[in-house]
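Here are my notes on this model, point by point. Please read them with the coordinates open.

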Amino acid sequence: MPDAVVIGAGPNGLVAANLLADAGWSVDVLEAQAEPGGAVRHDRGVDPEFTNDLFSAFYPLAAASPVLAGLRLEREGLRWSHAPEVLAHPLRDGRCAVLSRDLEETAASLEAFAPGDGAAWKELQKVWDTLRSEILDALFTPFPPVRAGARLAFRLRAAGGLRMARTLMLPVRRLGEEEFRGEGGRLLLAGNALHADLAPEAAGSGGFGWLMSMLGQTYGFPVPTGGSGALTAALVGRLTRRGGTVRCGEQVTEVVVRGGRAVGVRTAGGEAVPARKAVLADVSAPALYGSLVAERHLPGQLLTDLKRFQWDFATFKVDWALNSPVPWTCPEAAQAGTVHLADGVDGLTRFAAQIAMGRIPDEPFALFGQMTTTDPSRSPKGTESAWAYTHVPFHVRGDAGTEGLTGSWDAGEQEAMADRVEAQVERYAPGFRGLIRARRILAPPTLESMNANLHGGAINGGTTALHQQLVFRPTPGTGRPETPVPGLYLASASAHPGGGVHGAPGANAARAALRRQRTGALSHLRNRLNQRDRKGQT
């Protein structure tokens, strides 16, 4: 009997398993899919000569994560690759904002939009340098981050106190307007905010856009050399060397609760897998509380709150094998690993507004990845392994375009939407379509079929909006990984601090389970000593 069973071999589940194994626990990880990794996998399914990431691709949060740094995955062979530039946001008039790991290059790019904007970016970087360590500690530790939070509050006073707190709460449109005269800096902030489901007018989108921009400025948007699955292979290899096991093709259908606590799981094949100490679930909160745990074991208020759980935007992705590099009209874009495609902040607002109305955008904001530019091992010399993803409504009510898409995502709708994404790329790279050797479409239902955590194509385990963060994630409560069922811990992106590949939800769950065992052991020892003392007195 293992000490712990981990449901799901995504990055959070594997991080949790590694930390438990480091503490001497025996761990079994059960994964429904045929291979581990969750949303961190690659294959050669587009073209045999091309490596394409299936889901996530760039990893600024992983590069910044103290959780992953502590695992020292370079010892397992993990290597990172960087594009010459981090990110580019071209405009149709030929201008282009560039985010570089070289602060002077970023500043020069923004200075070309308006005098003084380069210096304004440097001021934002100074604030980041002041707060970075404390922000990362607070972000990647269990909630509430008492010690890290206290240090952050002290640093925040030095960075402007309430005025800085106000800045981080601003909508990203307003933040850009306050900080920059020209459009370049505003584009970098707003485009990065929409890596999540945060519209330019959403409260807190300024803070998120600033965070992602500063991560890119400091750490870049690196990729695992050879494919995203290299990160998964490193996590699995490390776990295996410490005695843990990963069993794929094992779908968990029930968390077994006995005597008021989680004591194991049951698989689709009927196997009962017991857990001596804990069950950790790298699954979405709706799946855990709405399916895996029987309602009779859960408080009625939790089930009521779960009805208000909000998913993030759905995702539509296209992978390509290209015969040559992308012919961008802005040459700066050719050097960037990530390219944002929307014609200004107004274009981003229009896109987000269409999604808010339940309409599939007619000119989708596309996040475009140039993987061979970032890691030359991904495809033959002179070619490009590329992808783009965009967001669509989680519940489709109509189409802002002319094709009459309904959100059924049948074969015809998938092809039409992929053509729409390619048309968006063509606006900034005429001739792009002529370079396509092969393409693969990953519509929302496809994403979910390949990873159940990507429910409806949502990739962040629930909205990033403020009303579902901190003590409100996944439902109003403590913001911690402990669940109402003793011995059961939520270890997925549905838990604080949310989506992205950084391992924090898994680490938080593992630490909570370890802490519970330590306090339980101390309590048991204390009781035994008290009993002995009472016997001695008699």
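1. H89 touches R95, C96, A97, L187, H340, A342 and G344, leaving out residues up to four places away in sequence; contact here means heavy atoms within 4.5 Å. The residue sits in strand β6 (residues 85-90). Helices (H or I, at least four residues) and strands (E, at least two) are DSSP runs, numbered from the N terminus.

2. The model is predicted: local features need pLDDT of at least 70, side-chain atom pairs count only at pLDDT 80 or more, and totals for chains, interfaces and linings use all residues. Residues are numbered from 1 along each chain as its sequence is written, and side-chain values use heavy atoms, with hydrogens and water left out.

3. Is H89 buried or exposed? H89 is buried, because its relative accessible area is 0%. The cut-offs are under 20% relative accessible area for buried, over 50% for exposed, and partly exposed in between (1.4 Å probe, protein chains only). A polar atom of the H89 side chain lies 2.7 Å from the backbone oxygen of A342.

4. Now the nonpolar cores. The largest one has 87 residues, and W210 and L280 have the most contacts inside it. Helix α5 (residues 117-139) gives the most to this core, with 8 residues. Another core lies apart from it and has 34 residues, including A88, V339, A386 and A388. A core of this kind is a set of buried Ala, Val, Leu, Ile, Met, Phe, Trp, Tyr and Cys residues joined through side-chain atoms within 4.5 Å.

5. What does L280 contact? Leaving aside neighbours within four places in sequence, L280 is in contact with A4, V5, V6, I7, A16, L20, Y489, A491, A509 and A510.

6. Helix α11 (residues 229-241) passes a length check. Its 13 residues should span 18 Å at 1.5 Å a residue, and its end C-alpha atoms are 18 Å apart, which agrees. The expected span is 1.5 Å times one less than the number of residues. G243 follows α11 and has a positive phi, near 95°.

7. Which residues of α11 are buried? They are G229, L231, T232, A234, L235, V236, R238 and L239. Their cover includes α1 (11-22), β2 (27-31), β3 (42-43), α3 (66-71), β8 (223-224) and β9 (245-248).

8. The whole structure has 36 salt bridges, each a side-chain nitrogen of Lys or Arg within 4 Å of a carboxyl oxygen of Asp or Glu. One of them pairs D319 with R440, with the closest N and O atoms 3.0 Å apart. D319 lies in strand β14 (residues 314-322) and R440 in strand β20 (residues 436-442), so the pair ties together parts that are 121 residues apart in sequence. Both D319 and R440 are buried.

9. R420 forms a salt bridge with D399, the closest N and O atoms being 2.9 Å apart. R420 is in helix α16 (residues 411-428) and D399 in strand β19 (residues 398-399), so this pair ties together parts 21 residues apart in sequence. R420 and D399 are buried.

10. D419 and R439 also meet in a salt bridge (3.1 Å, N to O). D419 is in helix α16 and R439 in strand β20, 20 residues apart. D419 counts as partly exposed because its relative accessibility is 33%. R439 counts as partly exposed at 27%. Salt bridges with shared partners join E415, D419, E422, R433 and R439 into one network.

How values were computed
Polar contact = N/O pair within 3.5 Å; in protein donor to acceptor, adjacent residues only side chain to side chain.
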